[in-house]
Amino acid sequence: MGGGEKCSTIFNNPPNMRRSFRRWFRSCSIAFPAVLFLYVTVFHNGFLFAAITYGTGPLDDVIANSNKGFRKLLEEGLLERDRYNGTVPVHRLPQSIIIGARKCGTRALIEFLELHPQINSPTDEMHFFSNDTNYKMGLDWYRKKMPLSYPDQITIEKTPRYFISKISPSRVHRMNSSVKLIAILRHPTTRVISDYTQICANKMAKNETAEAFEYLALNRQTGHINPEYRAIKISMYHLHIARWLELFPLKQLHIVDGDNLIVNPLEEIRKVETFLNLPHRISKDSLYFNNTRGFYCMRKTKNGPEKCLGANKGRKHANISEKIIHKLDKFFKPHNERLFKLIKRRFRWR
Ligand SMILES: Nc1ncnc2c1ncn2[C@@H]1O[C@H](COP(=O)(O)OS(=O)(=O)O)[C@@H](OP(=O)(O)O)[C@H]1O
C-alpha cells in the first residue's frame, strides 16, 4: 500500500505538490541560465568572459583573442596578468621591424631580443610589406598575425626581404612613419658566401646541383665581379639602405654589427635595448657560448632549458678560393665607403 499512499499523498495534497513544483521551477530558472552562461563563456569562446570580466581592450582584439579559446589563453598565462593590472593583451602592429639583411644574423638577433620580457615577436617572417598578396590582406590582417602583447611591450617583426624590397620602405612608412627600424649587416663578402652556401644546401636537399660560385660571382668573359649576381647585389648595402633613408631619418635606423653579434652578442643586444628605450634586461646568464655549436645559445631562465639556433644557421661555408675572396673584398670597398657615408659610421671590414 506504500506506493498507493505515496501517490495518494501527492494527488490528495495538490497545494504541497504545487509548492514543491514552484520551488523546483524557481531554482531551475536561476540555475539553468547560470550553467548555460558559464558553459558558453568559460568553455566555449572566452570572448564574452574576457569582455565582461576585463572589458578594457578594444572589442576587436578581445574577439580576435577569443579564437584561441579561453582555456588556451589561460594556459599561456596571458590573462593571469590581467587580474593584477586590468588590461587585456592585444595584437599590435610592430613598433619596430628588423628589415634584414639576409644571412647577417637576423634570426639570432630576434631570438636574443625575445629574451627581453618587454619584447614580443611573431615566430615566422611575415613578408607583409614585400609581398603584394600579403599586403593586399590589409593592415588589420597583419596586426592580427602579431603576438598578443601588453602596453609596456614592444612588438618586433623580422623579414630580411624588406631590406632589398623596393616597395617596402614606403609601405612601412605609410603604416607608421616613426617605426624603429633595425638592420643587421655583416662583412659583405662573408654574407655573399653564406648566401651561396644556403642556396647550395637547399639545392642539395632537393637533389639538384648548384652552379659553381665562380660562374655566378664572376663575369664569364671578363673575369670581373658580376654585380648582377643576386647575392652580390644584396651585399652592396648602400643601395638598399639609401632607399630606407629617403623616407626615414637616420636616428630611426639602428644598425647591428652582425659579425660582432656572433662573438659578443650581449654588446649588440644592449645597444638595441637602448635604441628601443628599454631597460637592460637581457643578461649574460641568458646567453652562453656552446662549444659544440661554436655559437652563442640561449636560456630563458637561469636553470631553464637551453636553446640554440637550428642547423641551418652557422653551416660550414662553401670552399671559395682566396683569389675570388680577394676580388670580392676589393669590389665591395667603394660600396662600403658609400654605406659608411650614408650611415655616418664605419665597420672594420677588411
Ligand atoms: N648565435 C648564433 N647561432 C647561429 N648562427 C648565428 C648566431 N649568431 C649569428 N649567427 C649567424 O646568423 C647567420 C644566419 O643569418 P640569418 O638568420 O639572417 O639567415 S636568414 O637570412 O634568416 O636565413 C649564420 O650565418 P652562417 O654562419 O653563414 O650560416 C650565422 O653565422
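Tutor: Let's start with a term we will need: two residues are in contact if their C-beta atoms, placed from the backbone, lie within 7 Å. Keep in mind throughout that this is a predicted model.

Student: Happy to. With which residues is Ile184 in contact, once neighbours within four places in sequence are left aside?

Tutor: By that 7 Å rule, the partners of Ile184 are Ile98, Ala101, Cys104, Gly105, Thr106, Leu109, Val256, Gly258 and Leu261. Ile184 is also a member of the largest nonpolar core, which has 46 residues. Along with Leu109, Ile182 and Ala183, Ile184 touches the most other members of that core.

Student: What makes a residue a member of a nonpolar core?

Tutor: The residue has to be buried, belong to the listed nonpolar types, and be joined to others through C-beta atoms within 7 Å. Ile184 is buried, and Ile is on that list, so Ile184 qualifies on both counts. As background, nonpolar side chains in soluble globular proteins tend to be buried together.

Student: Why is strand E6 called mostly covered?

Tutor: Count its buried residues: six of the six residues of E6 (residues 180-185) are buried. To be called buried, a residue needs 20 or more other C-beta atoms within 10 Å of its own, so each residue of E6 passes that cut-off. In a regular strand, side chains alternate between the two faces of the sheet. Here Lys180, Ile182 and Ile184 point one way, while Leu181, Ala183 and Leu185 point the other way.

Student: And what makes helix H7 mostly covered?

Tutor: Six of the eight residues of H7 (residues 106-113) are buried, namely Thr106, Ala108, Leu109, Ile110, Phe112 and Leu113. H7 also gives the largest share of the shell around the ligand, three residues.

Student: Which residues come nearest to the ligand?

Tutor: Of the 17 residues around the ligand, Thr106, Arg107, Ala108, Ser194 and Phe295 come nearest. At least two shell residues each come from H7, helix H15 (258-263) and strand E9 (295-299). By class, the shell has eight nonpolar, four polar and five charged residues.

Student: Why is Ile167 called partly exposed?

Tutor: Ile167 has 14 C-beta neighbours inside 10 Å. Buried would need 20 or more and exposed would need 12 or fewer, so 14 puts Ile167 in between. Ile167 sits in the loop between strand E5 (154-158) and helix H10 (168-175).

Student: What is the order of the strands in the five-strand sheet?

Tutor: That open sheet runs E3-E5-E2-E6-E7, with parallel pairing. Its edges are E3 (119-120) and E7 (253-257). Ser96 stands opposite Ile156 in E5, and the bridge partner of Ser96 in E6 is Lys180. E6 and E7 pair over five bridges, with Ile182 opposite His254.

Student: What is the mean pLDDT of the protein chain?

Tutor: The mean is 85, and 76% of the residues reach 70 or more. Over residues 1-13, however, pLDDT is below 50, and beyond near neighbours in sequence this stretch has one contact in the model. Residues 42-68 are also below 50, with 44 such contacts. Where pLDDT is low, the predicted coordinates should not be read in detail.

Notes. Residues are numbered from 1 along each chain as its sequence is written. This is a predicted model: local features need pLDDT of at least 70, side-chain atom pairs count only at pLDDT 80 or more; totals for chains, interfaces and linings use all residues. Helices (H or I, at least four residues) and strands (E, at least two) are DSSP runs, numbered from the N terminus. pLDDT is the predictor's confidence in each residue, from 0 to 100. A residue is near a molecule or strand if its C-beta atom, placed from the backbone, lies within 6 Å of it. Ala, Val, Leu, Ile, Met, Phe, Trp, Tyr, Cys and Pro count as nonpolar, Asp, Glu, Lys and Arg as charged, and the others, Gly among them, as polar. Two strands pair if DSSP finds at least two bridges between them.
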